[in-house]
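Trainee: I am new to this structure. Please show me how to read its features, one at a time.

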Amino acid sequence: MSRQGGRSTAGFGWYLVPGVLASLAVIVVPLVMTVGISFTRWSGIGSPVWVGFENYTRLFHDERFWASFGHILLLILAMAVVPTLLGLLLAAVLFDYIAKIFGPRWASVFRSGFYLPQVLPVAVTGIVWGWILHPSYGALNRILDSVGLSSLSRNWLGDPKYALYSVMAVMVWFQLGYPIVMFMSGLQRIDPELYEAADLDGAGWWQRFRHITVYLIKPEFYVVLVTTTIAALKIFGQIFVLTRGGPSNATLVPSYFAWQNFFQKAQVGYGSAISTVLTVLIVVLAFVFLRLQTRDERKGV
Amino acid sequence: MTALATAPDTRTESKTSPGVNRRRYPARYIVLGVLLVLLLLVVAPLLVVALNAVKSPSDYASNGPLSIPKSLHWDGIVDFWQRVDFSRKLLNSFITSAVVSVLAVILSVLNAYALGIGRVRGRVWFLVFFLVANLLPQEVLVYPLYYLSKSLHLYDSLFSIIIIFTVIQSAFGTYLLSSVYAEFPTELLDAAAVDGAGRFRTLWRVVVPVSRPTLAVLFTFFFIWTWNEFFLPLVFLISNANQTVPVALGVLQGDRQMDATTTSASALIGILPAMLFFLIFQRTLTRGITAGAIK
C-alpha cells in the first residue's frame, strides 16, 4: 500500500465499467439463470415449471450420471496425473541432461515436438485419431494386419470394452506437452549453483531430481495439476468427435451429458442441474488446490 | 547412473573432444534413443496424416497407411476444400479470432489498469470474480446464452461468438495482467503525473507501451484459443456459411462421404493453419521468456 504514495485511486473506477457490464451479460446472468433453471422442468419453449430439487434427486439416481463421473476419474488419470508425472521426468531429463550434454538446441527440439499436439484444435486431434483408430479403414488396424498382428486389431472406439482406454491413450498424447513446457520454464528459475553443490556432495542424477528439482518446481507442479484436472472435468470436444459418448455410453462425460440434455433431449432443467453440479465441483476443487498451495508455501517459509 | 553425476563437468569437456567423451558414456545415447522413440510416437500420427492426405484412395487400399504415396494426389484435399467451402471457414475463423483477441486485450487492459494500477476499492473481490469466471465450464453458461442470443436475433452469427469469447478470454487476461500491473514501476506513473497526464493519457502513453510484450503474448494466446474453440461455436454457428474451421471439420466425422484419404485430407487442412500459428507463437513465447529472464 505504501507504493501508492500520494496518488489517489479516484478516476480508475470508470475503467472497470465496460468489463463489469460485459461480464454481467455474458457470465453472471447466464450463470444465475442456469442455476435457477436447474430447479425447474423446461423444454426450452414456454415457461419453466418449478420442481424444487427434483432434478438433483433424479441425478443422484441416474446411473449414467455416476458413470460419467466415473469416466472422468479415469480421464483425470490420463489427462492430469500421467502427463504431470511423465512431463516432470521428461522436463528434468531435457533440461538437466539433454541440454547439458547434447546442447540446448536438442532440448528445445524435443520440447516443441512434444508440445505439437497441444496447438492443434481439439476437433482436429479428434479427426486424426478417429481416422487412425477406425475399425475398417483406420491406420492402426491396417498396420497391425500388415505386420501379422491382426489378432491385436480391435474396434478401438466402437467396442465398449476398449473405447474409454483408447480415449485415455489419445488424451495422454494430447496433454503431455503442456507440463513439459511449464516445467522446463520453471526449471530456468533454479540456481545452477544448487546443482553444482549437489554434485560436490556426490549426489546422483536421481537424488538431485528428487530433492532439488521436485522441491523447487512445486509452484508449477500445482498450476499444472490443477489446470489439467479442470481440463479433464470439462472435456467435450474430443469426446464429441471421437465417440459422441458411446458406444452404449462407455465414454459418456458430464459436459457431453449436459449438452445432450440441452440440445438433443430438450431437458433443459436436467441439463442445467448436471452443469451446476459440474461447476460446483470444479470451483471447490480449484479452491482446495489453492489452499493446499498457500499452506505449502507457508510451510516452506 | 553414477556416470550421470558428472554431467556438468563433461559438458565443457565434450565441447573440446566430443568423440572421446561420447564413446565413454553409452548411457547418454540410450537416454537420447528413448526420447527419440517417444518423440516419434508423438509426431507419428501427424506424419501418417500428411502421408495419406496426398495419397489416392486406390493407393491406400492396396499399399496401406505407411507406404510412400505413388504420386502426389491432391484431389482429396481439393475436393474436400471445395465441398465444405473451406476458404469461407478459414475466413470465419480468422475474423472471429482476430477481432476477439484485439477486443479481449483492450478489455483486459482496461480492467487491469483499474485493478492492478488503480487499486480500486474491492479489487480483491473483482479478482476472485475473474478467477472464478476462468474456471467455469462453458456448459453452465451455454443454454442461457443460446436463449438470450436467440431473443436478441444474434443466434447463428459470428457476432454472438465474438462477444462471448471476448468476455471469456478477457477474464483470463484481466487476472494475469492485474498481477503484472501491480508490479508496474511507480516512477513511470509519477513522472506521467508530474507531466500533468490524466488517467487515459497515462494508460495510453505509458502503461500500454511499457507492457507491450505481455500484451503480445496475451494476444497470441487469445488468438490460438479462440481459433481452437469448439463447444460454443458448435452450438451457436449452425449454418454452413457461419461455421469456423473446427466446427466444420468436427461435425463431418461419421459422414458417409468420408473415407480414409478424405479424412486425412480434412485433418491435414485443419492441422496446417494451427502449425502456422505454432511457429508464430513459438517466437512470441521465446521473446516473453527471455524478457522475463533479463528482468
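Mentor: Begin with one span. Residues 162-181 of chain A are 90% helix and 0% strand, with end C-alpha atoms 31 Å apart. Helices (H or I, at least four residues) and strands (E, at least two) are DSSP runs, numbered from the N terminus. This is a predicted model, in which local features need pLDDT of at least 70, side-chain atom pairs count only at pLDDT 80 or more, and totals for chains, interfaces and linings use all residues. Residues are numbered from 1 along each chain as its sequence is written, and chains are lettered from A and ligands numbered from 1 in the order in which they are written.

Trainee: Which residues of chain A does UniProt list as "transmembrane region"?

Mentor: UniProt positions are in the numbering used here, with shortened feature names, and annotations may be inferred rather than shown by experiment. The unreviewed entry lists 12-33, 65-94, 114-132, 162-181, 221-242 and 268-290 of chain A. Of residues 65-94 of chain A, 100% is helix and 0% strand, and the end C-alpha atoms lie 41 Å apart.

Trainee: How many residues of chain A are in contact with chain B?

Mentor: Two residues are in contact if their C-beta atoms, placed from the backbone, lie within 7 Å. Here 82 residues of chain A contact 78 residues of chain B. Helix 1 (residues 17-37) of chain A gives the most to the chain A side, eleven residues. That side has 53 nonpolar, 22 polar and seven charged residues. Ala, Val, Leu, Ile, Met, Phe, Trp, Tyr, Cys and Pro count as nonpolar, Asp, Glu, Lys and Arg as charged, and the others, Gly among them, as polar.

Trainee: At what angle do helix 3 of chain A and helix 3 of chain B pack?

Mentor: Axes are lines fitted to C-alpha atoms, for helices over the stretch in contact, and angles run from 0 to 180 degrees between N-to-C directions. Helix 3 (residues 63-101) of chain A and helix 3 (residues 26-53) of chain B pack at about 120 degrees, with axes 11 Å apart. Helix 3 of chain A is therefore oblique to helix 3 of chain B. Angles under 35 degrees count as roughly parallel, over 145 as roughly antiparallel, 65 to 115 as roughly perpendicular and the rest as oblique.

Trainee: Which residues make the contact?

Mentor: A:Val93, A:Tyr97, A:Ile98 and A:Ile101 meet B:Arg28, B:Val31, B:Leu32 and B:Leu35. By class, seven are nonpolar, none polar and one charged.
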